[in-house]
Amino acid sequence: MEPLNQLPCPVLVTDNSGSILHANACMTKLVGDVCQQQTMEMLFPRSGQIFLQTHVWPTLFRDGSVREIYLHIHDANKVRVPVLLNCEKSIVDGTEHYYWVFFVALERSRFEVELLQARSHADHLAANLTRTNAELETVHQQLLDRAQKLELANFELARLSYSDPLTGLANRRALDNTVTDWQTGLTSAHMASLLLVDVDYFKAVNDQHGHDEGDRVLVLLANKLELSLREDDLAVRYGREEFALWLPATDREGAEKIAQRVHAHVRDILVSGQPVTVSIGVASVRDITGPELMHRLIEQADKALYRAKAAGRNRTVHYNTALETFSILYSRLSQRKRS
C-alpha cells in the first residue's frame, strides 16, 4: 500500500463491510489516528452515515463504483470538512477491496458560498433596479404630465393674450399679427379690406337696460359677425362696442357683400323687441406693402365710420378721398358741441 502514500489526496481502503484496511498519509493527516481500527462510517457525521448505508453502499454493490458524492467528514479536531467522494471496487487476492478517494472541497464550499452571496447580491441589485426603473417610469410619466399641463397652460395663456375675454373674438394684437403674417406670405399682388363695425346707440342700451344687457348684445354681435365671414376672414373686438373685420385678398365689391351680410345678421339681435343696428366703415387698398398697412386701413375705415354715423347710422360707407374734408369738418363740429 506504500504507493498510496504518494497520492496527493486522502485515500482509504476498506472491505465490503466498511472496515478500514488501510489509510494513506494524507488521510491520516486529515482525520488523525481515528481511522485506525475503525469502520469508515465513524469518520462521517450521523447524516453522512445514513447516506452511506442508504445510497452509497447499495450503489457500490450494484455498479462497483460511485463518483463525486458530496459529504462531510470529521477532521482530527472534529471539525466538519466538505469532501467529494469517489470509490472503486477491486478484487485483491480474491477479496473485495474498496478504494475510497477523498477530495477536500473547502475551496468549492467557499466558492459556492461566494456564489450564493453573489447570486443574492445580484437578486438584490435586480430588485433594486426593477424598483428604480418603476420609480423612473413614474417620474417620467409625472414629467410628461407636467409638460403637457405646462403646454396646455402656455397654449391657454397665448390664446388669452390674443383673444377678447367677453366675446371670445381675437383682439388687436391678434389682428396685427394676422395682417403681418398675411403680408409676409404673399406671392402676388392683392387687395385687402377692413371693416369697422360700431353698435348704434350702444350707450343707450347700457343706460336703459344695464351693462349685463349691453354685454349680451356684444356677445351676440360677435357671433353674428363670425357668421358673416368667410374662412380666411377674421373678426376682432377692437374697442368697447367697436369691431374690426379683416378681409384679406378682398376688393371693395367683396367688402360690400360682407357688410350687407353683417347688417342682415345683426337685425336678429333684439333689445326690448327692437332690432339692433350697426354702422360700418369700409377701407379697401391696393398698396398692401409696408408695415403701415394696418394703420392706413384703420384710419380710413374710421373716417368712413364717422361718415356712416353722421349720415344717420345703420348703414355702410366706403372710404374715399372726399371723406378727408368731411372728417375734418365733422371733428370740428363734434368739438364745438362738446364745448
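Helix α8 covers residues 293-310, and its 18 residues should span 26 Å at 1.5 Å a residue; the end C-alpha atoms sit 26 Å apart, which agrees. (The expected span is 1.5 Å times one less than the number of residues; helices are DSSP runs of H or I with at least four residues, strands are runs of E with at least two, and both are numbered from the N terminus.) The model is predicted, so local features need pLDDT of at least 70 and side-chain atom pairs count only at pLDDT 80 or more, while totals for chains, interfaces and linings use all residues. Residues are numbered from 1 along each chain as its sequence is written, and side-chain values use heavy atoms, with hydrogens and water left out.

Just past the helix, G312 takes a positive phi of about 120 degrees.

Turning to the sheets, five strands make an open one in the order β7-β8-β6-β11-β12, with mixed pairing. Two strands count as paired if DSSP finds at least two bridges between them. At the edges stand β7 (234-237) and β12 (316-318), each with a single partner strand, so one side of each is left without a neighbour in the sheet. Neighbouring strands here are turned by 20 degrees against each other on average, direction ignored. Inside this sheet, β6 (residues 192-199) and β8 (residues 242-248) pair antiparallel over seven bridges, with S193 bridged to L247 in β8. Helix α6 (residues 211-228) packs on the sheet and touches β6, β7, β8 and β11 (278-285), its direction making about 10 degrees with that of β8. Contact here means heavy atoms within 4.5 Å; axes are lines fitted to C-alpha atoms, for helices over the stretch in contact, and angles run from 0 to 180 degrees between N-to-C directions.

Elsewhere, β5 (residues 95-104) runs antiparallel to β1 (residues 11-14), joined by four bridges, and V13 has Y99 of β5 as its bridge partner. Ten bridges join β5 to β4 (residues 80-92), again antiparallel, with K89 opposite Y98. In the β4-β5 hairpin, two residues lie between the strands, and D93 takes a positive phi near 50 degrees.

As for pockets, the lining of the largest one includes Y201, V205, H209, V271 and P275. Helix α5 gives the largest share of that lining, four residues.

Technical notes: On a 1 Å grid over the protein atoms alone, a cavity is a set of points where a 1.4 Å probe fits but cannot get out, and a pocket is an open set with protein on both sides within 12 Å along at least five of seven lines; lining residues have an atom within 4 Å of a point.
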